[in-house]
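This briefing covers packing inside a protein chain. Please look over the sequence and the coordinates before reading on.

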Amino acid sequence: MQDVTACLQGATGLKVNKPIGYSHAEQGVTLTQNEIERVAALLSPVPVSLADLSTDSGLPWRTLAAVVAELELGGRAIIQPGGLVSGPV
């Protein structure tokens, strides 16, 4: 998130002291690379519900939401309407 903020500051001249939006650390969620890769491996172009993804990954909802957000920001997941998520096509 800090990289995005830095890019936006340079492009728009905005002064941002604090990252905009959701901060996993502020919410008490610490992600591991293992968790991120585990969820990424479960994704395909076919959308799956977050409930099924939580069950398949073994991650609690709070952690899964943070992982899916990280994957989407990295272009490795697509959050769909209706609580679905898929991998990139």
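The model is predicted. Its largest nonpolar core has 13 residues, and helices H2 and H4 each supply at least two residues of this core.

**Nonpolar core**
- Val 39, Leu 43, Leu 53, Leu 71 and Val 85 are the residues with the most contacts inside the core.
- Helix H2 spans 33-42 and helix H4 spans 61-73.
- The largest share of the core comes from H4, with four residues.
- In soluble globular proteins, nonpolar side chains tend to be buried together.

**Val 85**
- Apart from neighbours within four places in sequence, Val 85 is in contact with Leu 43, Val 46, Pro 47, Val 48, Leu 50 and Leu 53, among them.

**H2 against H4**
- The axes of H2 and H4 come within 10 Å and cross at roughly 75°.
- H2 is therefore roughly perpendicular to H4, since angles of 65 to 115 degrees count as such.
- On the H2 side, the contact is made by Glu 35, Ile 36, Val 39 and Ala 40.
- On the H4 side, these meet Thr 63, Leu 64, Val 67, Val 68 and Leu 71.
- By class, the residues of this contact are seven nonpolar, one polar and one charged.

**Thr 63**
- Thr 63 lies in helix H4.
- Thr 63 counts as buried because its relative accessible area is 13%, and the cut-off is under 20%.
- Leaving out neighbours within four places in sequence, Thr 63 is in contact with Val 29, Leu 31 and Glu 35.

Definitions and conventions
Residues are numbered from 1 along each chain as its sequence is written. This is a predicted model: local features need pLDDT of at least 70, side-chain atom pairs count only at pLDDT 80 or more; totals for chains, interfaces and linings use all residues. Side-chain values use heavy atoms; hydrogens and water are left out. A nonpolar core is a set of buried Ala, Val, Leu, Ile, Met, Phe, Trp, Tyr and Cys residues joined through side-chain atoms within 4.5 Å. Buried means under 20% relative accessible area, exposed over 50%, partly exposed in between (1.4 Å probe, protein chains only). Contact means heavy atoms within 4.5 Å. Axes are lines fitted to C-alpha atoms, for helices over the stretch in contact, and angles run from 0 to 180 degrees between N-to-C directions. Angles under 35 degrees count as roughly parallel, over 145 as roughly antiparallel, 65 to 115 as roughly perpendicular and the rest as oblique. Ala, Val, Leu, Ile, Met, Phe, Trp, Tyr, Cys and Pro count as nonpolar, Asp, Glu, Lys and Arg as charged, and the others, Gly among them, as polar.
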